[in-house]
Amino acid sequence: MARPFHDNPEKGVVREHWDTPLLRYLHDRFRVRYRYLGLPGVDLIDVNLWRDMIDEVIAFEPPGRLPNRRAAIDQLRLNMRIRNIPGIAYFGSFEEVVMLRKDFDGQHYSQNKLITLYNLDFCDEITSKVETQEHGKQVWRFEAIRQILRDQAVCFQREGSPRHFIMLLTIRNQSSGAKLHHLLTGPALLAEAKEHRQSCSVSNPFHDNSNEPLIGTHTWALKAVVFNYLLSYFNNPCLSTLFFPGVMYNGTPVAVGRGRARTTIPSPMLHWVVLCRFAEPEQVSPACWPSRYLGRSCVSVGGDPPLFWSPQTGETDGSPLAPNPVAWLEEHGSEVLRGLL
Ligand SMILES: C[S@@+](CC[C@H](N)C(=O)[O-])C[C@H]1O[C@@H](n2cnc3c(N)ncnc32)[C@H](O)[C@@H]1O
(Lines give C-alpha, C1' and ligand atoms only; values in the text may rest on other atoms or scores of the structure.)
Protein backbone atom coordinates (compact mmCIF):
# COMPACT_ATOMS: atom_id res chain seq x y z
CA MET A 1 0.00 0.00 0.00
CA ALA A 2 1.53 3.31 -1.09
CA ARG A 3 1.83 6.09 1.49
CA PRO A 4 0.06 9.36 0.56
CA PHE A 5 2.48 11.61 -1.31
CA HIS A 6 3.50 14.92 0.29
CA ASP A 7 5.36 17.32 -1.94
CA ASN A 8 8.35 19.15 -0.51
CA PRO A 9 10.80 21.89 -1.58
CA GLU A 10 13.66 19.55 -2.57
CA LYS A 11 11.42 17.51 -4.87
CA GLY A 12 10.28 20.83 -6.34
CA VAL A 13 13.89 21.69 -7.14
CA VAL A 14 14.38 18.39 -8.98
CA ARG A 15 11.18 18.88 -10.96
CA GLU A 16 11.73 22.55 -11.77
CA HIS A 17 15.52 22.91 -12.01
CA TRP A 18 16.51 19.52 -13.41
CA ASP A 19 13.67 17.81 -15.32
CA THR A 20 11.84 20.87 -16.62
CA PRO A 21 14.78 22.63 -18.33
CA LEU A 22 15.60 19.45 -20.22
CA LEU A 23 12.00 18.65 -21.23
CA ARG A 24 11.48 22.25 -22.29
CA TYR A 25 14.74 22.34 -24.26
CA LEU A 26 13.77 19.20 -26.22
CA HIS A 27 10.30 20.62 -26.79
CA ASP A 28 11.42 24.11 -27.84
CA ARG A 29 14.43 23.08 -29.91
CA PHE A 30 13.15 19.85 -31.52
CA ARG A 31 9.37 20.24 -31.16
CA VAL A 32 9.24 17.10 -28.99
CA ARG A 33 5.80 16.60 -27.42
CA TYR A 34 5.13 14.28 -24.53
CA ARG A 35 2.85 11.32 -24.15
CA TYR A 36 3.23 10.71 -20.42
CA LEU A 37 3.05 7.35 -18.68
CA GLY A 38 3.73 7.31 -14.98
CA LEU A 39 2.83 8.20 -11.44
CA PRO A 40 1.62 11.79 -11.31
CA GLY A 41 -0.01 11.45 -7.88
CA VAL A 42 -3.42 12.85 -7.06
CA ASP A 43 -2.38 16.49 -7.55
CA LEU A 44 -0.65 15.92 -10.91
CA ILE A 45 2.03 18.48 -9.98
CA ASP A 46 4.45 17.31 -12.68
CA VAL A 47 1.75 17.12 -15.36
CA ASN A 48 0.53 20.62 -14.48
CA LEU A 49 4.05 21.96 -14.77
CA TRP A 50 4.56 20.34 -18.20
CA ARG A 51 0.95 20.63 -19.35
CA ASP A 52 1.59 22.75 -22.45
CA MET A 53 4.03 20.08 -23.74
CA ILE A 54 1.88 17.03 -22.88
CA ASP A 55 -0.71 15.53 -25.23
CA GLU A 56 -1.93 12.62 -23.13
CA VAL A 57 -1.49 11.11 -19.67
CA ILE A 58 -1.54 7.44 -18.70
CA ALA A 59 -1.53 7.37 -14.92
CA PHE A 60 -1.53 4.73 -12.18
CA GLU A 61 -2.61 5.05 -8.55
CA PRO A 62 -2.88 2.07 -6.17
CA PRO A 63 -5.51 1.53 -3.47
CA GLY A 64 -4.87 3.76 -0.46
CA ARG A 65 -5.40 3.09 3.22
CA LEU A 66 -8.69 2.05 4.77
CA PRO A 67 -11.43 3.17 5.20
CA ASN A 68 -11.65 4.59 1.66
CA ARG A 69 -9.20 2.76 -0.52
CA ARG A 70 -10.59 4.52 -3.63
CA ALA A 71 -10.09 8.07 -2.34
CA ALA A 72 -6.85 8.75 -4.24
CA ILE A 73 -7.83 7.23 -7.60
CA ASP A 74 -11.24 8.92 -7.52
CA GLN A 75 -9.62 12.29 -6.79
CA LEU A 76 -6.98 11.75 -9.47
CA ARG A 77 -9.64 10.94 -12.08
CA LEU A 78 -11.68 13.95 -11.00
CA ASN A 79 -8.65 16.25 -11.18
CA MET A 80 -7.85 15.01 -14.69
CA ARG A 81 -11.43 15.74 -15.76
CA ILE A 82 -11.58 19.18 -14.10
CA ARG A 83 -8.27 20.20 -15.62
CA ASN A 84 -9.19 18.81 -19.01
CA ILE A 85 -6.20 16.46 -19.12
CA PRO A 86 -6.72 13.86 -21.83
CA GLY A 87 -5.85 10.30 -20.88
CA ILE A 88 -6.67 7.55 -18.44
CA ALA A 89 -5.95 6.72 -14.81
CA TYR A 90 -5.64 3.06 -13.83
CA PHE A 91 -6.59 1.90 -10.34
CA GLY A 92 -3.76 -0.32 -9.16
CA SER A 93 -0.02 -0.36 -8.87
CA PHE A 94 1.88 0.37 -12.07
CA GLU A 95 3.51 -3.05 -11.78
CA GLU A 96 0.32 -5.03 -11.47
CA VAL A 97 -1.58 -3.18 -14.18
CA VAL A 98 1.13 -3.37 -16.85
CA MET A 99 1.77 -7.04 -16.11
CA LEU A 100 -1.76 -8.36 -15.62
CA ARG A 101 -3.18 -6.01 -18.29
CA LYS A 102 -6.10 -4.88 -16.17
CA ASP A 103 -6.71 -2.68 -13.15
CA PHE A 104 -8.77 -3.14 -9.97
CA ASP A 105 -11.83 -1.80 -11.85
CA GLY A 106 -11.37 -4.39 -14.60
CA GLN A 107 -10.23 -1.71 -17.10
CA HIS A 108 -8.12 -3.36 -19.78
CA TYR A 109 -4.55 -2.06 -20.15
CA SER A 110 -2.68 -1.99 -23.44
CA GLN A 111 -0.30 0.41 -25.11
CA ASN A 112 -1.31 1.53 -28.57
CA LYS A 113 1.01 4.52 -29.15
CA LEU A 114 4.63 5.30 -28.35
CA ILE A 115 5.27 6.88 -24.98
CA THR A 116 7.70 9.79 -25.10
CA LEU A 117 7.92 10.47 -21.36
CA TYR A 118 7.91 7.88 -18.58
CA ASN A 119 7.81 9.26 -15.06
CA LEU A 120 8.40 6.23 -12.82
CA ASP A 121 8.24 8.32 -9.69
CA PHE A 122 8.30 5.66 -6.97
CA CYS A 123 8.29 6.60 -3.31
CA ASP A 124 9.88 3.39 -2.06
CA GLU A 125 12.84 1.07 -2.62
CA ILE A 126 13.61 -0.38 -6.03
CA THR A 127 12.90 -3.85 -4.60
CA SER A 128 9.74 -2.90 -2.67
CA LYS A 129 6.81 -5.29 -2.85
CA VAL A 130 3.52 -4.12 -4.34
CA GLU A 131 0.12 -5.37 -3.33
CA THR A 132 -1.60 -7.32 -6.13
CA GLN A 133 -5.22 -8.42 -6.45
CA GLU A 134 -4.62 -12.10 -6.98
CA HIS A 135 -1.00 -12.84 -6.15
CA GLY A 136 -0.41 -11.24 -2.74
CA LYS A 137 2.62 -8.98 -2.34
CA GLN A 138 5.15 -9.20 -5.15
CA VAL A 139 8.49 -7.71 -6.20
CA TRP A 140 7.39 -6.93 -9.75
CA ARG A 141 9.13 -3.61 -10.47
CA PHE A 142 11.96 -5.03 -12.57
CA GLU A 143 9.62 -7.17 -14.64
CA ALA A 144 7.19 -4.27 -15.08
CA ILE A 145 9.97 -2.07 -16.46
CA ARG A 146 10.90 -4.87 -18.87
CA GLN A 147 7.23 -5.12 -19.85
CA ILE A 148 6.83 -1.42 -20.68
CA LEU A 149 9.97 -1.62 -22.82
CA ARG A 150 8.51 -4.64 -24.65
CA ASP A 151 5.24 -2.74 -25.21
CA GLN A 152 7.17 0.29 -26.40
CA ALA A 153 9.17 -1.85 -28.87
CA VAL A 154 5.99 -3.32 -30.36
CA CYS A 155 4.62 0.21 -30.89
CA PHE A 156 7.91 1.32 -32.44
CA GLN A 157 7.91 -1.63 -34.85
CA ARG A 158 4.41 -0.68 -35.91
CA GLU A 159 4.81 3.11 -36.07
CA GLY A 160 8.52 3.66 -36.76
CA SER A 161 8.57 7.03 -34.98
CA PRO A 162 9.23 8.87 -32.77
CA ARG A 163 12.58 7.24 -32.18
CA HIS A 164 13.34 9.04 -28.89
CA PHE A 165 11.84 8.91 -25.44
CA ILE A 166 12.75 9.94 -21.91
CA MET A 167 12.63 7.83 -18.80
CA LEU A 168 12.57 9.51 -15.38
CA LEU A 169 13.12 7.09 -12.52
CA THR A 170 12.97 7.90 -8.81
CA ILE A 171 13.57 5.50 -5.93
CA ARG A 172 14.22 5.70 -2.23
CA ASN A 173 17.96 5.72 -1.49
CA GLN A 174 17.60 2.73 0.79
CA SER A 175 18.28 -0.99 0.67
CA SER A 176 19.94 -3.67 2.77
CA GLY A 177 23.35 -5.27 2.38
CA ALA A 178 21.71 -8.62 1.58
CA LYS A 179 19.58 -7.14 -1.20
CA LEU A 180 22.44 -5.12 -2.67
CA HIS A 181 24.67 -8.18 -2.60
CA HIS A 182 22.02 -10.22 -4.41
CA LEU A 183 21.53 -7.48 -7.04
CA LEU A 184 25.24 -6.88 -7.58
CA THR A 185 26.33 -10.50 -7.98
CA GLY A 186 26.15 -13.04 -10.77
CA PRO A 187 26.56 -13.29 -14.51
CA ALA A 188 24.05 -10.49 -15.27
CA LEU A 189 26.45 -7.95 -13.79
CA LEU A 190 28.08 -5.73 -16.42
CA ALA A 191 31.86 -5.31 -16.25
CA GLU A 192 31.56 -1.62 -15.30
CA ALA A 193 29.20 -2.40 -12.40
CA LYS A 194 31.41 -5.25 -11.21
CA GLU A 195 34.52 -3.08 -11.19
CA HIS A 196 32.62 -0.31 -9.42
CA ARG A 197 31.46 -2.71 -6.72
CA GLN A 198 34.98 -4.01 -6.24
CA SER A 199 36.53 -0.58 -5.86
CA CYS A 200 33.74 1.02 -3.77
CA SER A 201 33.55 -1.97 -1.43
CA VAL A 202 37.01 -1.07 -0.14
CA SER A 203 36.06 2.38 1.16
CA ASN A 204 32.31 1.99 1.74
CA PRO A 205 31.46 -1.70 2.19
CA PHE A 206 28.17 -3.30 3.21
CA HIS A 207 27.53 -6.64 4.93
CA ASP A 208 26.37 -9.17 2.36
CA ASN A 209 24.08 -10.97 4.82
CA SER A 210 22.58 -8.06 6.69
CA ASN A 211 18.91 -7.13 6.45
CA GLU A 212 19.42 -3.82 8.28
CA PRO A 213 18.25 -0.90 6.11
CA LEU A 214 21.07 1.22 4.73
CA ILE A 215 19.42 4.62 4.50
CA GLY A 216 21.19 7.04 2.18
CA THR A 217 24.65 5.65 2.90
CA HIS A 218 25.36 3.50 -0.20
CA THR A 219 24.39 5.61 -3.18
CA TRP A 220 27.24 4.06 -5.18
CA ALA A 221 25.62 0.62 -4.89
CA LEU A 222 22.08 1.67 -5.85
CA LYS A 223 23.45 3.66 -8.75
CA ALA A 224 25.31 0.56 -9.94
CA VAL A 225 22.13 -1.54 -9.56
CA VAL A 226 19.97 0.86 -11.55
CA PHE A 227 22.59 1.39 -14.26
CA ASN A 228 23.28 -2.33 -14.56
CA TYR A 229 19.64 -3.40 -14.83
CA LEU A 230 18.41 -0.59 -17.06
CA LEU A 231 21.32 -1.03 -19.41
CA SER A 232 20.74 -4.75 -19.73
CA TYR A 233 17.02 -4.17 -20.40
CA PHE A 234 17.92 -1.54 -23.02
CA ASN A 235 19.86 -4.21 -24.96
CA ASN A 236 16.66 -5.71 -26.22
CA PRO A 237 14.95 -3.70 -27.71
CA CYS A 238 18.13 -2.13 -29.05
CA LEU A 239 18.06 1.28 -27.33
CA SER A 240 21.00 3.65 -27.24
CA THR A 241 20.96 5.82 -24.15
CA LEU A 242 22.31 8.92 -22.49
CA PHE A 243 22.33 8.72 -18.68
CA PHE A 244 22.18 12.03 -16.83
CA PRO A 245 23.85 12.39 -13.40
CA GLY A 246 21.98 10.83 -10.51
CA VAL A 247 20.25 13.51 -8.42
CA MET A 248 20.05 13.06 -4.65
CA TYR A 249 17.40 14.86 -2.64
CA ASN A 250 15.43 14.55 0.59
CA GLY A 251 11.80 13.56 0.26
CA THR A 252 9.28 14.09 3.04
CA PRO A 253 10.30 12.06 6.14
CA VAL A 254 8.06 9.06 6.80
CA ALA A 255 6.50 7.93 10.07
CA VAL A 256 7.21 4.33 11.07
CA GLY A 257 6.24 2.13 14.02
CA ARG A 258 3.27 2.36 16.36
CA GLY A 259 2.42 3.82 19.75
CA ARG A 260 5.46 4.82 21.79
CA ALA A 261 7.80 3.33 19.19
CA ARG A 262 6.43 5.66 16.51
CA THR A 263 9.14 7.79 14.95
CA THR A 264 10.04 9.43 11.66
CA ILE A 265 12.87 8.40 9.40
CA PRO A 266 14.47 10.51 6.66
CA SER A 267 13.63 9.88 3.00
CA PRO A 268 16.78 10.24 0.94
CA MET A 269 15.81 9.78 -2.70
CA LEU A 270 17.61 9.14 -5.99
CA HIS A 271 16.43 10.39 -9.34
CA TRP A 272 17.64 9.63 -12.84
CA VAL A 273 16.87 10.92 -16.31
CA VAL A 274 17.69 8.67 -19.25
CA LEU A 275 17.27 9.75 -22.86
CA CYS A 276 16.64 6.72 -25.06
CA ARG A 277 16.77 6.27 -28.82
CA PHE A 278 15.65 3.23 -30.83
CA ALA A 279 18.60 2.05 -32.93
CA GLU A 280 18.47 1.72 -36.71
CA PRO A 281 17.87 -1.86 -37.93
CA GLU A 282 21.46 -2.20 -39.14
CA GLN A 283 22.92 -1.30 -35.72
CA VAL A 284 24.49 -4.38 -34.11
CA SER A 285 24.20 -3.32 -30.46
CA PRO A 286 23.12 -0.25 -28.54
CA ALA A 287 25.52 2.38 -27.22
CA CYS A 288 25.49 4.12 -23.85
CA TRP A 289 26.84 7.57 -23.02
CA PRO A 290 28.74 9.00 -21.30
CA SER A 291 31.60 6.53 -20.91
CA ARG A 292 32.56 5.58 -17.32
CA TYR A 293 29.17 6.73 -16.10
CA LEU A 294 29.42 5.10 -12.67
CA GLY A 295 32.55 7.08 -11.83
CA ARG A 296 30.90 10.43 -12.63
CA SER A 297 29.62 12.66 -9.90
CA CYS A 298 26.07 12.70 -8.58
CA VAL A 299 24.26 15.97 -7.97
CA SER A 300 22.63 17.09 -4.70
CA VAL A 301 19.86 19.53 -4.01
CA GLY A 302 21.06 22.38 -1.80
CA GLY A 303 20.20 26.00 -1.13
CA ASP A 304 21.93 28.50 -3.34
CA PRO A 305 22.70 27.29 -5.98
CA PRO A 306 19.81 24.81 -5.86
CA LEU A 307 21.89 22.00 -7.38
CA PHE A 308 25.55 21.21 -6.78
CA TRP A 309 27.99 18.42 -7.67
CA SER A 310 28.20 15.93 -4.84
CA PRO A 311 30.64 13.09 -5.60
CA GLN A 312 29.81 9.84 -3.81
CA THR A 313 32.06 6.85 -3.12
CA GLY A 314 33.86 5.90 -6.33
CA GLU A 315 33.05 9.15 -8.15
CA THR A 316 35.31 11.93 -9.37
CA ASP A 317 34.55 15.63 -8.96
CA GLY A 318 31.97 17.23 -11.26
CA SER A 319 32.85 20.10 -13.57
CA PRO A 320 33.64 23.56 -12.13
CA LEU A 321 30.33 24.80 -13.54
CA ALA A 322 27.05 24.17 -11.71
CA PRO A 323 25.22 21.02 -12.83
CA ASN A 324 22.89 21.66 -15.74
CA PRO A 325 21.03 18.96 -17.68
CA VAL A 326 21.02 20.92 -20.94
CA ALA A 327 24.80 21.48 -20.71
CA TRP A 328 25.15 17.70 -20.05
CA LEU A 329 23.09 16.95 -23.15
CA GLU A 330 25.17 19.34 -25.23
CA GLU A 331 28.42 17.81 -23.95
CA HIS A 332 27.50 14.12 -24.21
CA GLY A 333 24.38 13.90 -26.34
CA SER A 334 25.32 14.50 -29.98
CA GLU A 335 25.06 10.80 -30.87
CA VAL A 336 21.89 10.02 -28.97
CA LEU A 337 20.21 13.09 -30.46
CA ARG A 338 20.70 11.80 -34.02
CA GLY A 339 17.39 11.94 -35.82
CA LEU A 340 16.29 14.96 -33.80
CA LEU A 341 19.16 17.26 -34.80
C1 LIG B 1 6.11 10.51 -5.75
S2 LIG B 1 4.40 10.62 -6.00
C3 LIG B 1 4.21 11.41 -7.52
C4 LIG B 1 4.71 12.76 -7.59
C5 LIG B 1 4.52 13.43 -8.93
N6 LIG B 1 5.09 12.65 -10.02
C7 LIG B 1 5.16 14.78 -8.85
O8 LIG B 1 6.12 15.08 -9.59
O9 LIG B 1 4.71 15.56 -8.01
C10 LIG B 1 4.00 8.97 -6.44
C11 LIG B 1 2.52 8.73 -6.62
O12 LIG B 1 2.33 7.43 -7.16
C13 LIG B 1 1.68 6.57 -6.25
N14 LIG B 1 2.47 5.31 -6.26
C15 LIG B 1 3.49 4.94 -5.48
N16 LIG B 1 3.95 3.72 -5.84
C17 LIG B 1 3.19 3.33 -6.89
C18 LIG B 1 3.16 2.16 -7.71
N19 LIG B 1 4.03 1.17 -7.52
N20 LIG B 1 2.25 2.10 -8.68
C21 LIG B 1 1.36 3.12 -8.89
N22 LIG B 1 1.35 4.25 -8.15
C23 LIG B 1 2.25 4.36 -7.16
C24 LIG B 1 1.69 7.25 -4.91
O25 LIG B 1 0.51 6.94 -4.18
C26 LIG B 1 1.74 8.73 -5.31
O27 LIG B 1 0.47 9.24 -5.53
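**Close-up views of a predicted model**

**View 1. Val-225 and Val-226 have the most contacts inside the largest nonpolar core, a set of 83 residues.** Such a core joins buried Ala, Val, Leu, Ile, Met, Phe, Trp, Tyr and Cys residues through C-beta atoms within 7 Å. Helix 8 gives the most to this core, ten residues. Beyond its neighbours within four places in sequence, Val-225 touches Ile-126, Leu-180, Leu-183 and Leu-184 (contact: C-beta atoms, placed from the backbone, within 7 Å). Please note that this is a predicted model, where local features need pLDDT of at least 70, side-chain atom pairs count only at pLDDT 80 or more, and totals for chains, interfaces and linings use all residues. Residues are numbered from 1 along each chain as its sequence is written.

**View 2. Helix 5 spans residues 141-159.** Helices (H or I, at least four residues) and strands (E, at least two) are DSSP runs, numbered from the N terminus. Arg-141, Ile-145, Ile-148 and Gln-152 are buried in helix 5. These residues cover an arc of only 60° around the axis, so they share one side of helix 5 (the arc is that of the directions from the axis to the C-beta atoms). The face turned away carries the exposed Glu-143, Gln-157 and Arg-158. Buried means 20 or more other C-beta atoms within 10 Å, exposed 12 or fewer, and partly exposed in between, with C-beta atoms placed from the backbone.

**View 3. A cis peptide bond joins Leu-66 and Pro-67, with omega about 10°.** Look for Pro-67 in the loop between strand 2 (54-61) and helix 3 (71-82).

Terms used. The expected span of a helix is 1.5 Å times one less than its number of residues. Two residues are in contact if their C-beta atoms, placed from the backbone, lie within 7 Å.
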